[in-house]
Amino acid sequence: MARSTGKDAQALFHSLRSAYAATPTTLKIIDLYVGFAVFTALIQVVYMAIVGSFPFNSFLSGVLSCVGTAVLAVCLRIQVNKDNKEFKDLPPERAFADFVLCNLVLHLVIMNFLG
Amino acid sequence: MARSPLRFLVLILAISICHAAGIFHPISDSHRSAALDLFKPVDGSFASLEEAYEALRTFEVLGIEKTAELSKAICKSVLGTLESSSSTPKDLFHALGVNGILKCSSKEETFEGIISSLQAVVRDANSLLDFYYSIGSLRLIKDQTSKTDLHLSDAEGTFRSIKALSQSDGRWRYSSNNPESSTFAAGIALEALSGVVSLASSEIDQFMIGAVKNDIVKLFDSIEKYDDGTFYFDEKLVNMREQQGPLATTSSVVRGLTAFSSVITESLNLPGDKILGIAKFFLGIGIPGDTKNFFDQVDLLACLENNRVSIPLILSLPSTVISLTKKDSLKVKVNTVLGSHAPPLTVTLVRAFSSSARDNSIIENQELKFDPQDAVYFLDDLPASFDVGEYIFVFKMLVQDSEQQTVYATGTLTQVPIYVTGLIKIENAKIAVLDSDLGSVETQKKLDLAGESTVSVSANHLQKLRLSFQMSTPLGNAFKPHQAFLRLRHETKVEHTFVVGSSGKKFEITLDFLGLVEKFFYLSGRYDIQLTVGDAVMENSLLREIGYVELDLPEPPENASRPPPQPVDPYTRYGPKAEITHIFRAPEKRPPEELSLAFLVLTILPLFGFIIGLLRLGVNLKNFPTSAVPATFAVIFHLGIAAVLLLYVLFWLKLDLFTTLKTLCFLGVFLMVVGHRTLSHLASASAKLKSA
């Protein structure tokens, strides 16, 4: 049972990786960006867990900056993905412009909150 | 402590002397220094010749030297006025007045042109001021040159036209078409008339002069009077264009009066009392703060100093306090108004009486001796019957030379308040604690009020405290001081003051503590006892701590009133304040620096991971526009984003929200335009690719 599960898992991972290899590079870049943002947020959370949340607004703005930009990146990915029929008519350039604008607004607020 | 009673005494003396009116002192050095302060030339000269004349005349009367530079500067403007053909008679009058003092020019040719024009003014004049200035100028020229042909062509007619302006009550009108009459104008008219008389080639009709003398007598009927025997003239008009005060009015009248009396042969026969009263009025005003008033005062006193009507003599006392312990003698000075010596006089102390008992004269008709060295009249020994107290001395002056008696105005009697001070005997001072019910003495201690010793007693609320002493004057009479207070002061600075009552020589106060416990706020403990005995004529006034009483009072009941908060010592208000210690919030615990730096590096690591990931994916910039214009826009777009991010960093570091938002508005609009261009170019490129 255990072996078969291991094998199944291996097969699953394998198929997943091959399927992912077919993903367009642009989407991979966005995935990478999302991963980078989430990791940065995680490191800050770990820091807070070790040290304490003293400058709490700084901590919040650091984490929310990362999480926010990750969410925006995910939104961008949804809009850019060609398989998504819903956003078929939306050009990727327009989606990127939205992403840039939202990021600028987000970071204005973050900077204000940073203290 | 020892100085306090003395200061106290001096203060009381000063206050009581200030209230005593009726002593007038002649002009002294304080007037001279005040004159120098008041008449200060601006930029080496005075604003006008009128002011210059007032200053120079004041200096001349007071005997103050004027500097050569000042004289030179003023002379320059005097000569300018005299030589100018457009000078009015008023300008000429003041210029000639200054010239009379400074002797700027005595050349006859300087005056030639002026004389004829002034004589023409006199002929055509119809207002009093025209007469006054032109005749006054001519008279000044006559005094300053040796010209003998300086006559008024129609002196009699001029005299008549001036006299025609006079009123029935002795006052004058300024001109024939001005119905209002003025006392000030009367003085001016008299001065002008005296000028006419002195400039006349022939004798003026005696009838006319008699009429003017009559006017003067009537004018003196309208003189006004204060209770202290001073007289003055005042303008009765209300709606005059130039209202003159009593100083200027009186000064004008006296100036005219003395000028007129000096040109007529017979005397004016005016009451000497009124002349003396005017002199006292002007001495009584002290030192005026205004140049005009100062000049009026000094000029009037100078006129009175040497006149043909009557010369006032002023009786003054160097000191109105006579100490019995120092055996002071009574000294009296008699001077003229400007402070020069009077002729030989007989000064008599007519009467001296206590201000409380006016009917009992202590001295009568005692003649004062003369000390030629100090020029004072003195009375060697006061009679032994003089006790301490306030007295009123009445003096009488009489000029010894009977022919000169009419020349001087001595007044009938002069009243002067005098303080006779001395040491008051304080005896039998005792402090005792009595039993409340029986009144028997429990403890009794003697007090030495003159010395420094202190006593201490103790009492409770069922007992009484009695303080008693006897006071008597050097002659053994009863003495009642202005102030006799007993003051108890608790350690907490709560004070209670009691008046020490008296019957005859004996002073006694009994404090029944049973009735006072509430007033004392049930405060037990040590009370300092302070005794105050003070009077203006008491040389040994005292204010001292005589000891303390240890009071044992019952506990306060629940609803007893609390002692009022004591007033803060005013001096502590200016001392250093207590230091303020601020309480800050304790700083939060911070992690070690190494840990924070390590995590800073850790947060950067995902960025490296991101870049490495990008490299492994084989990201390229092939899609970047290659042609010049879109490439420029693309570069500017990226720079714009960088600029916005940089602005955010600056916002974090130092800028405020408003500056940031304003800058962001411009950057945002710019970024939108550029971004739109770049991205639409990319979109169209990819669309072409697709369609191809």
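**Entry 1. Transmembrane annotation, chain B**

I began with the UniProt record, an unreviewed entry, which places the feature "transmembrane region" at residues 595-619, 631-651 and 657-674 of chain B. The model I compared with this record is a predicted one. I looked up the secondary structure of two of these ranges. Over residues 657-674 of chain B, the chain is 100% helix and 0% strand, and 25 Å separate the end C-alpha atoms.

**Entry 2. Contact between chains B and A**

I next asked which elements of chain B supply the side that touches chain A. The contact involves 24 residues of chain B and 24 residues of chain A. I noted that α15 (593-617), α16 (628-653) and α17 (657-691) of chain B each supply at least two residues of that side. The largest share, 11 residues, comes from α15(B). By class, I recorded 19 nonpolar, four polar and one charged residue on the side of chain B that touches chain A.

**Entry 3. Chain A**

I then turned to chain A, which has four helices and zero strands. From the N terminus on, its elements run α-α-α-α. Of its 115 residues, 23% count as buried. I also looked up the sequence separation of contacts: among those in chain A between residues at least 6 apart in sequence, 71% join residues at least 24 apart.

Is F56(A) buried or exposed? I found 11 other C-beta atoms within 10 Å, so F56(A) is exposed. In sequence F56(A) and L114(A) are 58 residues apart, while in space they are 9.3 Å apart, C-alpha to C-alpha.

**Entry 4. Helix pair α8 and α9, chain B**

I looked up how helix α8 (residues 155-163) of chain B packs with helix α9 (residues 183-199) of chain B, and found an angle of about 170 degrees, with the axes 9 Å apart. Angles over 145 degrees count as roughly antiparallel, which therefore describes α8(B) relative to α9(B). On the α8(B) side the contact is made by A155(B), T158(B), F159(B) and I162(B). On the α9(B) side I listed A189(B), A192(B), L193(B), V196(B) and L199(B). The contact of α8(B) with α9(B) has eight nonpolar residues, one polar residue and no charged residues.

**Entry 5. Open sheet, chain B**

I traced an open sheet of five strands in chain B, with the order β6-β14-β12-β8-β9 and mixed pairing. Which strands stand at the edges? They are β6 (321-323) and β9 (361-367) of chain B, each with a single partner strand, so one side of each is left without a neighbour in the sheet. The twist averages 25 degrees from one strand to the next. I examined the pairing of strand β8 (residues 345-354) of chain B with β9(B), which is antiparallel over five bridges. Here R351(B) has E364(B) in β9(B) as its bridge partner.

**Entry 6. Strand β7, chain B**

I looked up the burial of strand β7 (residues 330-336) of chain B. Five of its seven residues are buried, so β7(B) is largely enclosed by the rest of the structure. Two pairings were noted for this strand. Strand β5 (residues 311-316) of chain B is joined to β7(B) by four bridges, and the two run antiparallel. In this pairing I314(B) has N335(B) of β7(B) as its bridge partner. Three bridges join β7(B) to strand β11 (residues 376-379) of chain B, again in the antiparallel sense. There I found L330(B) opposite L379(B) in β11(B).

**Entry 7. Strand β19 and its partners, chain B**

Lastly I followed strand β19 (residues 483-490) of chain B. It runs antiparallel to strand β23 (residues 525-534) of chain B, with eight bridges joining them. In this pairing A484(B) stands opposite V533(B) in β23(B). I also noted five bridges, in the antiparallel sense, between β19(B) and strand β20 (residues 495-499) of chain B. L488(B) stands opposite H496(B) in β20(B). The hairpin of β19(B) and β20(B) has four residues between the strands, and in it K493(B) takes a positive phi near 70 degrees.

Note on methods: Residues numbered from 1 in each chain as written. Chains lettered and ligands numbered in written order. Predicted model: local features only at pLDDT ≥ 70, side-chain atom pairs only at ≥ 80, totals over all residues. Axes fitted to C-alpha atoms, helices over the stretch in contact; angles between N-to-C directions. Parallel < 35°, antiparallel > 145°, perpendicular 65-115°, else oblique. Contact = placed C-beta atoms within 7 Å. Nonpolar A, V, L, I, M, F, W, Y, C, P; charged D, E, K, R; others polar. UniProt positions renumbered as here; feature names shortened; annotations may be inferred. Pairing = 2+ DSSP bridges. Buried ≥ 20, exposed ≤ 12 C-beta atoms within 10 Å, placed from the backbone.
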